[in-house]
Amino acid sequence: MNSNKLILFFNYHSILLILIFVPAFCLSQNQTNNWYFGNNAGLNFSNGDVVVVENGGMQTPAGCATISDNDGNLLFYTNGQTVWNSNHQVMENGDGLFGQASGNQSSIIIPKPNDPNTYYIFHTREVVETSPIYYIAGIYYSEVKFTAQHPLGHITDNKNLRIAEVSSTTRLAAIHHPETNTTRVVCITKQDPVFGIIIPDGKYIFRIFNVTQSGINTTPIKREINENLGTLGAMKISPDGNFLAFADDINQKIYFYNFDNDVVNFTPYFTMQAIPAFQIFLNPYGIEFSQDSKMFYYTGGNYVVQFPFTAINDPIPFEYYLMPVSNPGSIQLARNGRIYVAQGTSDNSIAHLAVINYPERVGADCNFQSSAIQFTDATSTRGLPLFIASELRNRIIPSEDDCVDKPFTFELDAYADIQSVLWDFGDGTSSTESSPTHLFSTGGIKTVKATIIINNQPIVLYKKVEAYPLPFLPPNQILTQCDIDNDGESVFNLENIKDFVSDGAEFIYTFYKNSDDANDDTNPIQNQQFYTNISNPEEIFVKMLTPFGCTSIASFQLENYSPNTQPIKDYFACENSDNILNNFEGKFNLGNIEIEIRNEFGLSPDFTVNFFSSLIDAQTKINPLGRYYTGVSTIIWVRIEDENFNCFGVIPFNAVVNSNISVDIESVYTICDPSLHPTIILDGGISNDTWTWKNQSGAIISTQRLFQLLQVGSYSVTVEKVENGLTCSVKKNFIVKGITNPEFLDVKAEDGEIYVSIKGNSTYEFSLDGVSYVGLGTSYTFGGVRAGVQTVYVKDINNCEKIISVEVYLLNIPNYFTPNNDSYNDIWKIAGLSDQFYTKAEILIFDRYSKLLHKMNLYENEVGWDGIYNNQTLPASDYWYKVTLTDLQNNLIVKRGHFSLLR
């Protein structure tokens, strides 16, 4: 492959003289200086920076190409159908090209070697169209000429010349071959017809057209692919010319080939299945190589995927890195070494670009930024300009960003031999060495410029590097401490020296007692946050390490002195100031206390006042308290420093929480029946000073300590207590409820049981004698109750509501009788059946065959049945009854059942 070593044929100034007289062809990064794409969108990469421009004349859905002259001035741009000149007007004869603008690589612009006035637009068409113009699929080119009569260029009669008379994909790529001064344009088409017959399912091939100083060699070089391909998917050649890759959306694959530019040969290298996103196959669309040709990127689905394809043979498995992005389209390397991604919405109204800032770095270190470049009056679509891969190889290779005291080494990489170079390091210094080493005197972002000479033409390269500044401690700094006990010793937090170091909060500090230990990194001070000074003053040495690994050593003094400051008064807080009653804690507003301290001491606004919970924290400035302190009574320490961080005073004060306010008021009270309970009187607390009782309207109804509850409603009481000159208050809301006497919901009495249920607002007990109560709830069942009239009593367990009662009449129908003349249970009758509750009764007794055996009325029931039928004693057996009753309200009640006759 071609060499990129620097060959010094001439000095820089003699080269410039030769350029005046010797015309030459040279691929220049400046030819990629301007991008136009999408709907009027553009970018300009002058001086290594990127500037958004929105003055384009083109509106295109996808593929496009742009070219600038060797000085970086825009020449023209195209979407394969129309050509616009540098004034963003349609070039003369620049419309009606047969390219397919919807293709992701519809066109590419190739300069004619050794002729700065002639350019060729290669444009492709895959889709045949018949209206309004008949377009045939294939590879076309059109010629652009710049003359004195056409300073903005024009399309010559060599327009829409078809050089591949077969179906073509919209895939284009180009690479320069410096040894022959030839640009090779690579296309992918169907195979040639056999005996004039097109093979319908024929596989695809590479067609390579050479562009030389004689023009386009329309007889292509052909190389087999042996793959059936889909419509979408870009093709790119790596900047170093060693690899070619193309994506295929149908097979969801990306094919990599080794490329031999000398003999124009492709060797399969690796085929990648686009499958990294949670086993979801992605349809690859845009692809691109990093500028060092070692890292590969492609777009698919809603991802940009990084793939270190050159590491596929490494013993350590390579890994994909996925970068989520909305609907990504084309992806293109720029002259600044960054890769830009068209990104947008599901309807393809893409309005911005994503950027990969460091494409050569692995994983997250590549620093992907979504929506990094925004447009206002223009939009990006799915396409970005296509360039000759060699144009983007030329680059400055710096050593890694480093500290300002470390030398930077710069190298060059180019598509052809470099004849000479002039370096400009941006700080007034320069070099003509091929790989210079430079030491920056200051930190910051540096733009390094290299003007290289290739084929007697200058090419300007830019590279931004960052020289990290060294940590700097200004000389003669003093870390002061207030000696509150006047013994000449105090505790110092040596790390507080960071207050004097610019941007030093994130530095790592190591401290030493002498310079030898600091330089040798021996015997560091171990207790650097709690260091007690040995002498007064005392010199301490510090080694500072930045997050970028930059170090420096400096020294400072510890100085301990006794401040002449007055004490601070006590501050008080109410016990409930933390909104919690009776927890012995209060809330102190340290912000307000700071204002009072500043006024008391007459402090300048430049002084700082901080609060700490202990002396050691105040001395070391560790764990400062916030604006509020909440806690029990304690000592709080105040540290005051002047504008130079000198200790003005470390002073304690008492933060006193006043005693609890006693207010024994419940949330809910109930006014009971006055016959059962006396009136409730609330006590606002004898230890309090004032009491304010209010009703639900907020009107004051009493200011006495005692308050009698007479009416239902919502109330509040606010009590105040004066202690330590501070009035503390507590407000308590409460509700007063009235009673609602219970009511009987249901009462049932039969078969020796009485069931009763209650509607009420309390919990109730039940009784049959008004003395002994049972149950707990709103219902109860009494069992084994004798027949007759019973009284059920109900009361609430709080004795707040009136006792209610109800009379219940209970019938008792026997389950059996024993007519054996022992005077015990010899007859069967219904107990409790009385004309006090019923006007009529009919009692019928049957045997098992439904034969009527005996009949009784209301009064005959008192005599009962003795088990005799027709003067014969019936045998022991089960017998059935039907009882029909008529109550006092003339309601008919029917009961059926059976009983046993036992002998």
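Predicted model: local features only at pLDDT ≥ 70, side-chain atom pairs only at ≥ 80, totals over all residues.
A disulfide is a covalent bond between the sulfur atoms of two cysteines. Counting as such each pair of cysteine sulfur atoms within 2.5 Å, the model contains 4 disulfides. When the bonded cysteines of the protein chain are numbered in sequence order, they pair as 1-3, 2-5, 4-7 and 6-8.

One of these links joins Cys482 to Cys647, with an S to S distance of 2.0 Å. Its two ends belong to distant parts of the chain, 165 residues apart: Cys482 is in strand 37, and Cys647 is in strand 48. Both Cys482 and Cys647 are buried. The torsion about their S-S bond is about -115°, so this disulfide is left-handed.

A further disulfide connects Cys574 and Cys728, at an S to S distance of 2.1 Å. Here Cys574 lies in the loop between strand 43 and strand 44, while Cys728 lies in strand 55, 154 residues apart. Cys574 counts as buried because its relative accessibility, 14%, is under 20%; Cys728, at 3%, is buried as well. With a torsion of about -90°, the link of Cys574 and Cys728 is left-handed.

Cys672 and Cys800 also form a disulfide, and their sulfur atoms are 1.8 Å apart. Each of these two cysteines sits in a loop, Cys672 between strands 49 and 50 and Cys800 between strands 61 and 62. The link is left-handed, with -110° about the S-S bond.

Cys64 and Cys187 remain to be described. Cys64 is in no disulfide; the nearest cysteine sulfur, that of Cys187, is 17 Å away. Cys187 is likewise in no disulfide. Cys64 is buried at 2% relative accessibility, and Cys187 is buried at 0%.

Terms used: Residues numbered from 1 in each chain as written. Heavy atoms only, no water. Helix = DSSP H or I, 4+ residues; strand = E, 2+ residues; numbered from the N terminus. Buried < 20%, exposed > 50% of the residue type's maximum accessible area, 1.4 Å probe, protein only.
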